[in-house]
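Student: I would like to learn how to read a protein model. Could we take it one feature at a time?

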Amino acid sequence: MANYWLTGFGKVQIILSVLSGVSMMTVVNEAVGISIILPVAQCDLGLSPWEKGVLGGSMLLGIMGSSYFWGYLADTRGRQRILKYALFGTSFFGAMSCLATGFVSLFFLRLLTGVCVAAPASTVYAYLGEFTTPSRRSQMLSFASVWGGVGIVYVSSIGWWILSYDWVLTISDSFEFKPWRLLFIINTVPGFLNGIAFCFCPESPKFLVSQGRNKEALEILKKVYKLNKGTDSTDGYEVTSLRLDPEDAIAREQSENGSGGLLKSMVQQTLPIVKLPYLVYFIICCVHNIGAFTIYGGLGLWFPDIINHMFSANAMVEGNNVCNILEQNGTQAIGMELSGICGVTLQFVTNPYAVAILFCLMIVFAGHCVVLVNANVVALFNTKVRYGLK
């Protein structure tokens with residue numbers, strides 16, 4: 001696929017970078033949004049600190065359980081198709097979460113949201129990476145990842161606005177629609193609009209070639225060339241045929257020669273991960289992501305609740321630091337030793353403003369590490385190997 005880069009860099013990559021960024025924003029909206037909603041919804045739903053922790057982790061549980069299967073589908077059915085369907089699914093179950101009446105119903109709705117959001121959380125890196133030249137790939141993936149920060153600002157700002165109201169819409173004797181329920185719906189709007197946008201996006205040419213659909217891939221590349229060059233003619237695009245990279249060609253041949261159905265096909269695509277040098281890359285990426293997500297996802301989940309305690313009237317006492325508050329909520333500071341200077345400093349800080357700043361820095365740095373790992377995965381692993389990591 002070396003000829004693919006002759007399409008150049010321009011409008012197409014920028015547009016896809018923005019759309020990919022909104023996909024990442026969708027993941028953040030669902031992950032961070034629940035941490036803002038739970039402190040408000042806990043009284044209406046009768047939630048204990050333990051149940052809040054389970055609900056916060058339910059979406060991550062859904063991601064863990066479905067990522068591998070989504071990766072397989074993206075690798076065999078198409079990146080663009082999986083992205084749009086998964087975004088619609090995420091929006092649907094995310095919005096349906098507003099109808100939860102207790103711990104069990106909200107748990108399953110958030111679990112299903114996590115199952116769907118797992119696809120844009122991982123597939124979007126490969127989709128954007130396969131439309132971008134190697135020299136620009138890390139730059140564009142990093143730009144797209146900025147939208148994760150936009151997502152945090154979005155859910156925080158919308159949450160501050162919506163939750164400042166105290167109206168109540170009584171549906172029945174046992175169900176009241178309050179602002180925190182509306183917030184579930186508003187958090188899904190970017191993902192729903194993003195799903196609509198992906199309906200008009202092309203499939204990855206590299207995926208099409210890997211499936212033997214070379215003519216379709218070539219037509220897409222010609223359209224990319226015309227959009228990037230601002231011309232109606234493809235006379236300057238001299239590519240007439242496409243071929244797979246050697247590693248992808250071997251993987252495709254093995255896949256075509258294999259038989260035995262879905263399970264065997266998934267096993268065949270997984271085996272390369274446990275072979276050198278991919279096994280080493282796989283272990284390094286996993287260890288890195290575990291450390292980063294311990295902070296970014298774990299402590300980030302409790303950030304609004306901790307800040308509520310720090311700024312409450314009965315919390316403004318000497319010696320009431322973050323560790324004490326975490327203990328009060330029945331959690332442990334698992335990732336403090338991984339957060340470096342910010343995490344260590346939090347052990348001794350009692351000023352609520354300093355705590356807020358240090359927490360933000362800690363989560364931002366951890367999130368940045370996640371971005372770097374995912375960007376490197378696109379470069380380190382070829383198409384058929386990559387999705388075992390997601």
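Student: Is Arg79 buried or exposed?

Tutor: Start with the terms. Buried means under 20% relative accessible area, exposed means over 50%, and partly exposed lies in between, with a 1.4 Å probe and protein chains only. Arg79 has 0% relative accessibility, so Arg79 counts as buried. Keep in mind that this is a predicted model: local features need pLDDT of at least 70, side-chain atom pairs count only at pLDDT 80 or more, and totals for chains, interfaces and linings use all residues. Residues are numbered from 1 along each chain as its sequence is written, and side-chain values use heavy atoms, with hydrogens and water left out.

Student: Which side chain makes a polar contact with the side chain of Arg79?

Tutor: A polar contact is a pair of N or O atoms within 3.5 Å; within protein, one must be able to donate a hydrogen and the other to accept it, and residues adjacent in sequence count only if both atoms are side-chain atoms. For the side chain of Arg79, the partner is the side chain of Glu130, at 2.7 Å.

Student: Where does Arg79 lie?

Tutor: Helices (H or I, at least four residues) and strands (E, at least two) are DSSP runs, numbered from the N terminus. Arg79 lies in helix 3, residues 79-96. The buried residues of that helix include Arg79, Gln80, Lys84, Gly89 and Ala95.

Student: How many helices and strands are in the chain?

Tutor: The chain has 15 helices and 2 strands. Of its 390 residues, 51% count as buried.

Student: What span is expected for helix 3?

Tutor: The expected span is 1.5 Å times one less than the number of residues. Helix 3 has 18 residues, and 26 Å is expected; from first C-alpha to last it reaches 26 Å. Now try helix 5. Its 29 residues should span 42 Å at 1.5 Å a residue, and its end C-alpha atoms are 43 Å apart, which agrees. Among the buried residues of helix 5 are Arg137, Met140, Ala144, Gly148 and Ile162.

Student: Which residues touch the most other members of the largest nonpolar core?

Tutor: First the general idea. In soluble globular proteins, nonpolar side chains tend to be buried together. A nonpolar core is a set of buried Ala, Val, Leu, Ile, Met, Phe, Trp, Tyr and Cys residues joined through side-chain atoms within 4.5 Å. The largest core here has 24 residues, and Leu55, Leu106 and Phe184 touch the most other members. Helix 1 (11-45), helix 4 (103-129), helix 5 (134-162), strand 2 (175-177) and helix 6 (179-198) each supply at least two of its residues. Helix 1 gives the most, with 6 residues. A second, separate core has 21 residues, including Leu16, Leu83, Leu87 and Val224.

Student: Which residues is Phe184 in contact with?

Tutor: Contact means heavy atoms within 4.5 Å. Leaving aside neighbours within four places in sequence, Phe184 is in contact with Ile34, Ile37, Gly94, Ala95, Ser97, Cys98, Leu106 and Arg110. Across the chain, residues 24 or more positions apart account for 77% of the contacts with a separation of 6 or more.

Student: What about Ser17?

Tutor: Ser17 lies in helix 1. Its relative accessible area is 0%, so Ser17 is buried. Leaving aside neighbours within four places in sequence, Ser17 is in contact with Leu128, Met140, Phe143 and Ala144.

Student: How many disulfides does the structure hold?

Tutor: A disulfide is a pair of cysteine sulfur atoms within 2.5 Å. The structure holds 0. Look at two cysteines. Cys43 is exposed, with a relative accessible area of 67%. Cys98, at 5%, counts as buried.

Student: Where does UniProt place the feature "transmembrane region"?

Tutor: UniProt positions are given in the numbering used here, feature names are shortened, and annotations may be inferred rather than shown by experiment. The unreviewed UniProt entry places this feature at several spans, including residues 12-41 and 53-73. Residues 12-41 are 100% helix and 0% strand, with end C-alpha atoms 42 Å apart. Residues 53-73 are 100% helix and 0% strand, with end C-alpha atoms 31 Å apart.

Student: How far apart are the C-alpha atoms of Gly129 and Gln13, and what separates them along the chain?

Tutor: Their C-alpha atoms are separated by 9.4 Å, while Gly129 and Gln13 are 116 residues apart along the chain. Gly129 is found in helix 4.
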